[in-house]
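Try each task before you read its solution.

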Amino acid sequence: MDIHSNLLSILNKLPENVKLIAVSKTKPGKDIMEAYNAGQRIFGENKVQDLVAKQPFLPDDIKWHFIGHMQTNKVKYIAPFISLIQAIDSLKLLREVNKQALKNNRTIDCLLQFHIAEESSKFGLSLSEASDILMSEDYKSIRNVNLVGVMGMSTFTDDMQLVRKEFRTLANIYSQLKNEFFANSDDFREISMGMSGDYHIAIEEGSTMIRIGTSIFGERNK
Ligand SMILES: *Cc1c(COP(=O)(O)O)cnc(C)c1O
């Protein structure tokens, strides 16, 4: 199948409240344009260097999501144009995004990343770490970051029971934060979970954003 048909076959079955992030990491501009011409507007990249290399040559109405682990010293390169930073995993990073957003006269949407997988290699906060951030004076003084929800990655496994359990954990974390800190925020409403191999389960467990690479663009280029 080609990119166009891959994309449409995913979109056709997507519930209305779920957004598709086309993960274009390692893929050239021509593949991105193929998806763009099929109507896709939200793309995800996980390396700052790759994103800043591609972005100037692609249409302005693309919404770029940063989905990888973000180093604080690199925020400045994407702050002028990034639409959503998916993986905030520390107060330090949040402060830096705020600082760079302010410099660019913008407010940047972000998600808090949670560690829900069994692998220790994956990044992310625990619920108590997130609560500490949200209760801190530092956080309260932040004006140029808009937290719009949570993000997580499941364990890389064939055990779909485990994957489902992890997605359920993330959905519960979302609900607790919503109740405790964001009850009055209409913006805090996203649960970003689900990739090519597990997005059906993620949607059943409440995902509002799926991040799909392989099922749209094929196997990744090395
Ligand atoms: C690569 C990546 C994806 C997409 O993975 P696929 O299995 O190719 O769909 C989703 N989320 C994150 C954070 C990624 O790094």
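**Exercise 1: the ligand site**

The ligand takes up the space of the largest pocket (on a 1 Å grid over the protein atoms alone, an open set of points with protein on both sides within 12 Å along at least five of seven lines; a molecule sits there if more than half of its atoms lie within 2 Å of the grid points). This is a predicted model, where local features need pLDDT of at least 70 and side-chain atom pairs pLDDT 80 or more, while totals for chains, interfaces and linings use all residues. Residues are numbered from 1 along each chain as its sequence is written, and side-chain values use heavy atoms, without hydrogens and water.

Task: find which side chain has an N or O atom 2.7 Å from an oxygen atom of the ligand.

Solution: 
1. Begin with the residues around the ligand, among them K25, R211 and G213.
2. The side chain of K25 has the N or O atom 2.7 Å from a ligand oxygen, a polar contact (N or O atoms within 3.5 Å).
3. The side chain of R211 has an N or O atom 2.8 Å from a ligand nitrogen.

**Exercise 2: an aromatic pair**

Task: decide how the rings of F43 and W64 are arranged.

Solution: 
1. A search of the whole structure gives three aromatic pairs (centres within 6.5 Å; planes under 30 degrees apart are stacked, over 60 edge-to-face, the rest tilted).
2. F43 and W64 are tilted, with 6.0 Å centre to centre and 45° between the planes.

Key: A residue is near a molecule or strand if one of its heavy atoms lies within 4 Å of it. A polar contact is a pair of N or O atoms within 3.5 Å; within protein, one must be able to donate a hydrogen and the other to accept it, and residues adjacent in sequence count only if both atoms are side-chain atoms. On a 1 Å grid over the protein atoms alone, a cavity is a set of points where a 1.4 Å probe fits but cannot get out, and a pocket is an open set with protein on both sides within 12 Å along at least five of seven lines; lining residues have an atom within 4 Å of a point.
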